[in-house]
Amino acid sequence: MSELRDFVAELLERKGAAIEVVDRDGLEVLAPTHLQKAMGWPELTRLGFGTERPHGAIAIGLGDWLDRFVSLLGDEGRWSEREVRRIAGVPAPSDPEQVLDRALDLPNAVWRFQGMTATWTRCLLLTFRYTAVSDEKREGLIWLGFNLGTGAVVSDILARLRPVLAQMPDWDAPDPTTRRAIRPAWSAVTLAARVRPLLDQQVRESLEPFVRAMRRRLERDRKRVHAYHDDLRNSSLKRVTALGPGEGDRAEADRRREKLRIEAIEREYRAKLDDLRHNYALRVTVEWVQALDLYVPVQRFDVLIRRRKGERLVQLDWHSLVKTAEPPLCEAGLGRDRIRLVCDDKLHLTEPAGQAPCPSCGKRFCRACFSAACPRCGRASEARAMAVA
């Protein structure tokens, strides 16, 4: 909560308020008119950030209050740039081939180290917020990272880099010389194509425990509703059986009444199931929160990939700030691990699933070469089918 207090204090000061820290968990705010209207506060307000609210203070926590504070920012800070200076005393890898041996796994091809160059690269760190609402609510953040210089997915590396950045108080804008040495940004179409499947997968993984618990609760409530209405229905059926085939107006009226009761029980049971379906329906929304362009120093490896009679030069970066090599480029698939298959035609690097057999005709084909459909039978590829859906 101290981080939230510091964030609120800095934000309110930027918006023209006078701030005084009254204790470890409190702020006194003298708010200008526009801030009073935006937040619904009087001119002098005390805010409490601890578990115990001081007398007369407004309790501030995550959730709705955080949304209201963020609304004050508008689009400020949603897209920013930062150059991370080289750290002295971090040497280049002494054995580049050993580094590549840990980073590259090519079951159907071979690689040869060609050279290493100290340079800069541009990494894009995207932050998304997801909200899942069913009978309960779950919120979370997803971070995705891409090396725009090599095309690799570097989410794990940037996750390790965030604590390093937090220890660097200086925020340096990119130097013009550094900008010129780095490849231009991806187009919006390319970025969307890379982000969408990866974001979908990571949101599903993050929500998996929540969905499992929701399904257990749904199954529990469904069994309870079924047991209750099944007992009522069986009781009515027993009464119908006890009446027997007796004739007469009274017996017929009793049988008709029990049959109507059974029909009413079945209608109520179906209605209760509809209520459960509505109550447990899962609604997931994902929104972009922030993007950060990071200009970071790297050692760039040139690697020659050979497959049968073809060969191709690819690049892979070793990030000196965390002393880790990124996974190789992936041209079909999510690209989160290091295993890549190399296709025969254009030497595309793909995940194993990117060269799997067609589910319809069984022909193996490269999803980077034929992204839309199988070249033999014309069946839409899995990625294309998901995009259309």
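These legends describe close-up views of a predicted model.

**View 1. An open four-stranded sheet with mixed pairing.** The strand order is β1-β2-β3-β4. Strands β1 (18–23) and β4 (58–59) stand at the edges. Each has a single partner strand, so one side of each is left without a neighbour in the sheet.

**View 2. The antiparallel pair β2 and β3.** Five bridges join β2 (residues 26–30) to β3 (residues 44–48). Gly26 stands opposite Gly48 in β3.

**View 3. Helix α1 across the sheet strands β1, β2 and β3.** The helix spans residues 2–14. It runs at about 10° to β2.

**View 4. Asp293 in strand β8.** The strand covers residues 283–307. Asp293 has 1% relative accessibility and therefore counts as buried, the cut-off being under 20%. Its side chain makes a polar contact with the side chain of Arg122, at 2.7 Å.

**View 5. The largest nonpolar core, with 25 residues.** Leu126, Leu144, Phe146 and Val195 have the most contacts inside it. Strands β6 (110–133) and β7 (137–147) each supply at least two residues, as do helices α7 (188–243) and α8 (249–280). Helix α7 gives the most, with 10 residues.

**View 6. Surroundings of Leu126.** Leu126 touches Leu144, Phe146 and Val195, among others. Its contacts also include Ile142, Trp143, Leu191, Trp288, Gln290 and Ala291.

**View 7. Another nonpolar core, apart from the largest one.**

Notes:
Residues are numbered from 1 along each chain as its sequence is written. This is a predicted model: local features need pLDDT of at least 70, side-chain atom pairs count only at pLDDT 80 or more; totals for chains, interfaces and linings use all residues. Side-chain values use heavy atoms; hydrogens and water are left out. Two strands pair if DSSP finds at least two bridges between them. Contact means heavy atoms within 4.5 Å. Axes are lines fitted to C-alpha atoms, for helices over the stretch in contact, and angles run from 0 to 180 degrees between N-to-C directions. Buried means under 20% relative accessible area, exposed over 50%, partly exposed in between (1.4 Å probe, protein chains only). A polar contact is a pair of N or O atoms within 3.5 Å; within protein, one must be able to donate a hydrogen and the other to accept it, and residues adjacent in sequence count only if both atoms are side-chain atoms. A nonpolar core is a set of buried Ala, Val, Leu, Ile, Met, Phe, Trp, Tyr and Cys residues joined through side-chain atoms within 4.5 Å. Lists of a residue's contacts leave out its neighbours within four places in sequence.
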